[in-house]
Amino acid sequence: MQIGMSVIACSFFYLVLLAIVYFNKRKVNTFETRLYGILLGLNIIGLFLEFICCLTVRNLELIPFINMIFNRLYLVYFVTYITIFTVYVYYVSFDKQKINTTDSIDTKNKMRVTISVIYAISLFCVLFLPLYYYNDKNSVYSYGPATNFLTILCGIYMIIDLYCMLKNFQNIKTKKNIPLFALLIFFVIAFIVRNVDPSIILINSSFALVTAIMYFTIENPDIKMIEQLNIARDQAEKANHAKSDFLSSMSHEIRTPLNAIVGFSQALTEEDLPPQAKDEVKDIMMASETLLEIVNGILDISKIEANKLEIVNTEYNFNLILEELVSLTKARLGEKPLEFKYKFDPSIPPYLYGDKVRVKQIILNLLTNAVKYTKEGWISFEVNAIQKEGVCRLIISVEDSGIGIKPESIDKLFTKFERLDIEKNNTIEGTGLGLAITKKLLDLMGGQVVVQSVYGQGSKFTVAIDQRIVTNPTTVVEPTQVPIENLDLSTMKILIVDDNKINLKVASRLLSDYHCQIETLESGLECIDKIKAGNTYNLILMDDMMPKLSGVETLHQLQQIPGFSIPTIALTANAISGMKEKYLQEGFHDYLAKPIDKKELYRVLTKFLVQK
Ligand code: ADP
């Protein structure tokens, strides 16, 4: 008896020490750690009860009532411990992911109810079935239906535990099996010891040992490490945002000087220049177009990464896009000895609903690459359509007889800033952004891309995009085909508002071709004063990003002036897709991106100044 009580007392103290360590340690609050905490606490209570039981059973006759209460409480503890232990074994044995998914909420609820019912029945049995005590000088124990029930319950739980462990032996980390196997071994030892010396009760001490072993098997990631990881992740996200913001503001800044280069070069091409100077101006224009493409690429990728890129769907004429793509590709071929073949399925519906700018961008990327990476031979551009339930699946393929792509490089094609085969490509201009943007745009539009290529022989890029079919277009604006030279706007007064003097010069220069009367102002405030003073104009071109008062704010204030009805056009370097719609929503009548495209300027002028 003395030895038995000493073992219990020792177990009690080392579990108390373990509990101090465990509950003081900052831990991640998972279901597993919660269960473990309960088991640890229960175990300490159990050892305490067992100790008291040993004392009271010895003096059975003296305090029978207290003895009865402690023995019943001990049985309650026993039932609770083995039930929770089984829940723990089940939890660690089966795939936690599966248990945690919402799909299995039903299963989880069913399990909870089943366990609760079994537990309630077990409690009832151990509390109300008869319980007797045996006590002589050497051994003290309780027996009777209540303890028999407990033994059977214990056996059933052990079988369930073993079944769970063995069934999922492969799935769980093997170290999680250790507590259960240890429990089985300790039970056998406890049983043998009990038979040799009935005064030594080891059951609860076995639990205590198992609880101690479990301490080393529970998953308890270091909370400090997690905190540090969270801080690092937040910092990385902030840095990424800062990078995206930096890139987009840089792109905006680059657009402003580019506006001057493109604008003045465009103007110069129309001047009477010596042939060599004309060629040089053309080269400047081509270089600035390339630069603009790069800037646009950087802007796109930064918007995509900041999740700010939106797909803007409108009704559009797909045939026009195809025409533009063909003429752009022909222009890009330049002097290259390349045959450009194109074939379009005549059944493609002319009007579609989708993001025309992005659809065009995706195809143009593929066509530009085909031209860039093919020295001689041919390029083939084919578009087919499959129509189903009002949706047209465009199957666009761009094939070339160019340098091809190594099979091991195909996976890297869509990674940003990744350029392949540098030895061969080093003379070809590129940033490695085009295909990364193409892929991301396709993802946003629910499209797909497939690449087939034979290194040294050529490549084929096939893209599938779904677009809704429009049968009665209501909002498509068809371009008017009036030759640019025929426009005489000498009676028209146009006001340009921009804080940048060079931008004012560029716009004035481009407008001067139409002989209109031009007035320029450097701020929104001046513009408001002018209009308030009673000045009238036929058209206002307004920059947005201006200090003090932005273009949008200026427009809103102008609209407050009674009788104000001058068409106001946003003229801005804020040129990502979707901006046009935003400016229109703000109340602008139309939108012109910087660098100003002559054709676009012409479209706006005819729309507001000629058709009236
Ligand atoms: P960039 O052309 O600006 O380098 P892209 O993202 O458009 O960037 O293309 C990534 C890389 O994929 C290119 O650098 C090139 O090595 C390869 N590539 C793309 N298209 C083709 C093609 N049609 N033929 C051969 N290689 C290609």
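Reply: Helix α6 (residues 145-167) and helix α7 (residues 178-196) pack at an angle of about 145 degrees, and their axes lie 11 Å apart. Axes here are lines fitted to C-alpha atoms, for helices over the stretch in contact, and angles run from 0 to 180 degrees between N-to-C directions. Helices (H or I, at least four residues) and strands (E, at least two) are DSSP runs, numbered from the N terminus. The crossing of α6 past α7 is left-handed, a term used if the near helix is turned anticlockwise from the far one by less than a right angle, with right-handed for clockwise. On the α6 side the contact (heavy atoms within 4.5 Å) is made by Cys154, Met158, Asp161, Leu162 and Met165. On the α7 side Leu180, Phe181, Leu183, Leu184 and Phe187 take part. By class, nine of these residues are nonpolar, none is polar and one is charged. In this classification Ala, Val, Leu, Ile, Met, Phe, Trp, Tyr, Cys and Pro count as nonpolar, Asp, Glu, Lys and Arg as charged, and the others, Gly among them, as polar.

The model is predicted: local features need pLDDT of at least 70, side-chain atom pairs count only at pLDDT 80 or more, and totals for chains, interfaces and linings use all residues. Residues are numbered from 1 along each chain as its sequence is written, and side-chain values use heavy atoms, with hydrogens and water left out.

The protein chain as a whole contains 19 helices and 14 strands. Of its 612 residues, 45% count as buried, that is, under 20% relative accessible area, with exposed meaning over 50% and partly exposed in between (1.4 Å probe, protein chains only). Among contacts in the chain with a separation of 6 or more, 72% come from residues 24 or more positions apart. The chain exposes about 32,300 Å², of which carbon and sulfur atoms supply 60%.

Elsewhere, five strands form an open sheet in the order β11-β10-β12-β13-β14, with parallel pairing; two strands pair if DSSP finds at least two bridges between them. β11 (517-521) and β14 (590-593) stand at the edges, each with a single partner strand, so one side of each has no neighbour in the sheet. From one strand to the next the twist averages 20 degrees.

Within this sheet, three bridges join β12 (residues 539-542) to β13 (residues 568-572), and the two run parallel. Leu541 stands opposite Ile569 in β13, while Met542 faces Ala570 of that strand. Five of the five residues of β13 are buried. Thr568, Ala570 and Thr572 are buried on one side of β13, and Ile569 and Leu571 on the other, so that, with these residues buried, both faces are covered. Helix α19 (residues 598-610) lies across β10 (493-497), β12, β13 and β14, and runs at about 160 degrees to β14.

Two single residues complete the picture. Ser459 belongs to strand β9 (residues 458-469) and, at 6% relative accessibility, counts as buried. Apart from neighbours within four places in sequence, Ser459 is in contact with Val398, Glu399, Asp400, Gly404, Ile405, Gln452 and Ser453. Its C-alpha atom is 8.1 Å from that of Ala370, 89 residues away along the chain. Ile66, in helix α3 (residues 64-93), is partly exposed, with a relative accessible area of 38%.

How values were computed: Areas by Shrake-Rupley, 256 points an atom, 1.4 Å probe, with all protein chains shown as cover.
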